[in-house]
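Student: I have a model open and would like to go through its contacts. Can we take them one at a time?

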Amino acid sequence: MDVNLLRRLSEAPGVSGNEGAVRRIVAEALRDHADRLWADTIGNVFALRRGAAPPEGGVSDPGAGFRVMVAAHMDEVGLMVTDIGDDGSLSFEAVGGIDARVLVSQPVRVGGSGVPGVIGVKPVHLTAGGEREQAVAIGSLRIDIGADGRDAAARRVKRGDYAVFATEMLDLGPTLLGKAFDDRGGCAMLLDLLADRYPFDVCGVFTVQEEVGLRGARVAAHALAPQAAFVLECGITDDTPKKRDDTPVTRLGHGPAITVMDSTMIADPRLVRHLVATAEAEGIPYQLRAPKGGGTDGGRIHLAREGVPTAVVSIPCRYLHTPASLISKSDFENAVRLVRAALHRLTPEVVAR
Amino acid sequence: MKDLIQTLAEAWGPSGHEAAVREVVLRLLEGHVDDTRVDALGNLVVRKAAAGGAAAAPKVMLAAHMDEIGVIVTHVDAEGFLRFAPVGGILTGNLIGTRVAFEDGTVGVIGSEKRDDASKAPKLDELFIDVGARERAGVRQKVGDAAAFRHGVDWSNGRPITPNHDDRIGCAVLVETLRRLAPGPNEVFGVFTVQEEIGVRGAAPSAFGVAPDMAVALDVTGTGDTPEARPMAVRLGHGPAIKVKDGGMIAHRGVRALLERRAEQAGIAVQLEVLTGGTTDAMAIQTSRAGVPTGALSIPSRYVHTPSQIVDLGDVEGAVRLLVAVLAQPLEGVVDGR
């Protein structure tokens, strides 16, 4: 895997609705691979990889007219400045699903120029015991950019500016620690996959605004009208010790997770069987994601137009939607191997009725 | 009609696993429709041409969903007990002791952990499925396998009791309507949809494909006629219910009026339905493409979403007669001047 590319993707600011920095990295990486590269009005990036030409003197391409969408979302969860206080501190709202408890004392970068700040909290010397036992509400937190009063702050940031976690990616050997692997990990997978040519047209779609309601994918799938779709994600892992014999959604290091059902979609059973058969034939480790909550762009893609057979492959990711999440390099590599092999083995008959 | 209800009720089909129901419907409609197709999500779309094959005939879509609520395995524990998540609106208060059936016929019973306060409904994560396993190695079920309430039909006082009237009774109404209907002024699409119970997901793509001029969803609704029931002006045996509104849609006034008018003309007893929660495929169809005039016709059912749902045969028969009357004539007030 290209760790440096994932590092650039992970560290790029790209909260929902503000995916420009990620879009630029993606477009640059695709320059040599895409047969056609374009963006739509909402900001989704499409990279078309034409099907392999038929062999000399051979029959025409059996996949003609068969078009597969492979999607990963560019946006990450983050914050947006809602107001500047008299003291120069910034109040904010979450963009996407964030547990306020993970925010306390986190360094952040605010706005297009990346103004450094911290989500401040009273020092331990000044808090009473009871206070420390209570979870904080997001409305009571402020970003402190070190500005002396409202005017000083207003010269550097404004209402509506986004803020992201200031997390640098760390290579821990077998694992990687960083922000926004959901879904820059999926973006990195997709970039890797688009280096290949497949027997049919594959359109990689880097979507926007997944974290605020699967919004980019909806219009992308309508425009593309694919015959099948794969969604690449970094998904929930809760494999840390539990008190009882209960369900981890996925386990880190146990291979890519194939979704059967989540809150937004029942995966197409034919594509699920195709992925499982591919993994078994190729000797790629995999796991079935326990059918629990959570959703992906697949939730919109599979309902586009007359419906699109859709499957989801995810890299297990600990501490999703926090400033520091953790993935396994082997899961990443096996996820890429699985989807690459599944695409090479896919035929229109797999999803024919 | 009794055989039809029995046959459809015995097909296994939790949301996402509608293939067996689809096969049954196709067999029941053999020779009664002009063509059939299955779309990408698994919706079955059958078509009955207008008289003389008139190309400009208005297109009417009737939708009934094939799927039923169920459960899905999330974990097999060390002893072979299965933890599960809901598929659709499972009511946990009714689950302890309920039998569920997997696709391969394996039957399990839902058990519960010990609970400190048994007066409250159990939480889902306190429940598990026991498939009678002696050890984990003997359990065939794996993560992602779905199960439905165990099937079977009892007839009490002439009324059928099944775990899945929602919505096999709608499928039965739709099949019987298509069987009885002679070619008329309208082109009729019978759509047997998938995945209604987990968010009316099949209906929108199927409506996009059909692009109808008018649609009616066929589903069950609750009643207010049992002891100390939540007030609702729908009673079992008083005729099919023409929907005015539910939790997800307001019925198109023209469609509703057309249903009421045809019922009156044909002397069919009907009721008006206002459902405070829940919705049907009609919600998704109504907002397909540029919008579709859509109504819904409901079969009153007691104990919806439990393993024992009761309907009245007279309501079912009334629904079929009303739909045939609507489809056999022009769609006044909905599609005019065509």
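**Contacts and salt bridges**

Tutor: Start with B:Lys243, which counts as buried because its relative accessibility is 1%; buried means under 20% relative accessible area, exposed over 50%, partly exposed in between (1.4 Å probe, protein chains only). This is a predicted model, where local features need pLDDT of at least 70, side-chain atom pairs count only at pLDDT 80 or more, and totals for chains, interfaces and linings use all residues. Residues are numbered from 1 along each chain as its sequence is written, chains are lettered from A and ligands numbered from 1 in the order in which they are written, and side-chain values use heavy atoms, with hydrogens and water left out.

Student: Which residue forms a salt bridge with B:Lys243?

Tutor: A salt bridge is a side-chain nitrogen of Lys or Arg within 4 Å of a carboxyl oxygen of Asp or Glu. Here the closest N and O atoms are 3.2 Å apart. The partner of B:Lys243 is B:Asp246.

Student: Which backbone nitrogen lies 2.7 Å from a polar atom of the side chain of B:Asp246?

Tutor: B:Asp246 lies in the loop between strand S14 (241-245) and helix H5 (253-266) of chain B. Helices (H or I, at least four residues) and strands (E, at least two) are DSSP runs, numbered from the N terminus. The B:Asp246 side chain also reaches the backbone nitrogen of B:Met249 at 2.9 Å. The nitrogen at 2.7 Å belongs to B:Gly248.

Student: What separates the C-alpha atoms of B:Asp246 and B:Gly278?

Tutor: Contact means heavy atoms within 4.5 Å. Leaving aside neighbours within four places in sequence, B:Asp246 is in contact with B:Leu275, B:Gly278, B:Thr279 and B:Thr280. B:Asp246 and B:Gly278 are 32 residues apart along the chain, and their C-alpha separation is 6.4 Å.

Student: Why does the pair B:Glu187 and B:Arg47 tie together separate parts of chain B?

Tutor: Their side chains meet in a salt bridge at 2.8 Å, N to O. B:Glu187 lies in strand S12 (residues 187-193) and B:Arg47 in strand S2 (residues 44-48), so the pair ties together parts whose separation in sequence is 140 residues.

Student: Is A:Asp86 buried or exposed?

Tutor: A:Asp86 forms a salt bridge with A:Arg150, with the closest N and O atoms 2.3 Å apart. A:Arg150 is partly exposed, at a relative accessible area of 37%. At 61% relative accessibility, A:Asp86 counts as exposed.

Student: How much area do chain A and chain B bury between them?

Tutor: Buried area is the accessible area (1.4 Å probe) that two parts lose on being put together, summed over both. The contact takes 28 residues from chain A and 31 residues from chain B. A:Ile266, A:Glu306 and A:Arg353 supply 29% of the area that chain A buries against chain B. With 59% of it on carbon and sulfur atoms, the area that the two chains bury is about 2200 Å².

Technical notes
Polar contact = N/O pair within 3.5 Å; in protein donor to acceptor, adjacent residues only side chain to side chain.
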